[in-house]
Amino acid sequence: VAVIRDSKIVWAGVYRQPSAPASDTDTVYQAASISKGVTGALAQRLARSNKLQLDVPVDACLRPWSLPAGQQSPGHPVTLRNLLNHTAGVTVSGFPGYPPSQAIPADLQVIKGEPPSLTPAVAIQTIPGAAYAYSGGGYTIAQVAMQQCLHTPFAELMRQQVLQPLGMRRSTFAQPLPAAEMNRARGHYVDGSEVEGGAFVYPELAAAGLWTTASDLARFAIGIQRSWKTGTDFLSANEARELLTPALNNYAQGLFVVGDGEHKRFMHSGGNTGFKSTYAMYLDSGNGVVVMTDGDNGSYLGGEIVKAVASAYGWPDFK
């Protein structure tokens, strides 16, 4: 758990059963779909330097591969922005992960649904811009587009553009996590048994690939909030507002954004096999909380902790 007040981490702590392996605030967890907001920030950073564009057809960044024929058209193209806000009409909501003993598909194999991918091919099922449909498949297309346009592996782009600038020193998009990284949480099923190998592998980095700590995620939330409020070297105030402008279903570029005034906040939750996490960050006050857990029951625990923090610190929501 990490708690944020006035745009600063005021405390972080670790809670575990006495029989559980030793862990501390530097222990890394899988962030799962919380990765999407970090991906949105990466896209905004790359767009500011004109290294890619958010509102043009994404096909140019995918060559020599191209999107399969679907409901897209010249008037309603698939763009990075509608991929990131889940309005591109793309299928495949999420991913099961791969036990480390199994063959791991490349990101393009995941999109094409080719073996050893466990998910079907991604399709453009509805007219881009017409509807909201949560799509990890869309984020995987965005992943391929960004790394092909920049000629740089996605995990390295993240290190250079987001993790390093925000001081997220215990975070990485390396999948699988290097064997030398011993200080990592090991995921657990609902019955308490350990996930095979401690964690599944997610080649869908943009959608679900981040390994991080609660404190590092708090640094990310603070970086976005400070940029929104006054502008920073990371993002200008206008760029942060663009990142946090929701499209349909209150979803912006990888973040849910809700409320007005003192209630205005961004948030996301994440669930990979054996890991469940959540965070919330208020834009005006700079107050927030991050909860990361190493068990499939963790979403229930995380919700209770968020409510407890809200009560203890007098937040206007989560009563």
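User: Where do Lys307 and Glu304 lie?
Analyst: Both residues lie in helix H9 (residues 298–312), three residues apart, about one turn of the helix. Helices here are DSSP runs of H or I with at least four residues, strands are E runs of at least two, and both are numbered from the N terminus. The model is a predicted one, in which local features need pLDDT of at least 70, side-chain atom pairs count only at pLDDT 80 or more, and totals for chains, interfaces and linings use all residues. Residues are numbered from 1 along each chain as its sequence is written, and side-chain values use heavy atoms, with hydrogens and water left out.

User: What do the side chains of Lys307 and Glu304 meet in?
Analyst: They meet in a salt bridge, at 3.6 Å from N to O. The term requires a side-chain nitrogen of Lys or Arg within 4 Å of a carboxyl oxygen of Asp or Glu.

User: How many salt bridges does the structure hold?
Analyst: The structure holds 12. One of them joins Glu181 and Arg170, at 3.1 Å from N to O.

User: Where are Glu181 and Arg170 in the chain?
Analyst: Both are in the loop between H5 and helix H6 (205–208), 11 residues apart. Glu181 counts as partly exposed at 22% relative accessibility, whereas Arg170 counts as buried at 17%.

User: And which residue forms a salt bridge with Lys229?
Analyst: The partner is Asp284, the closest N and O atoms being 3.3 Å apart. Lys229 belongs to helix H7 (residues 214–230) and Asp284 to the loop between strand E7 (275–282) and strand E8 (288–293), so the bridge ties together parts that are 55 residues apart in sequence.

User: Changing topic: at what angle do the axes of H1 and H5 cross?
Analyst: The axes of helix H1 (residues 35–48) and helix H5 (residues 154–163) cross at roughly 75° and come within 10 Å. Axes are lines fitted to C-alpha atoms, for helices over the stretch in contact, and angles run from 0 to 180 degrees between N-to-C directions.

User: Which residues make that contact?
Analyst: Among them are Val38, Leu42 and Arg45 of H1 and Phe154, Leu157 and Met158 of H5. Contact means heavy atoms within 4.5 Å.

Terms used: Buried < 20%, exposed > 50% of the residue type's maximum accessible area, 1.4 Å probe, protein only.
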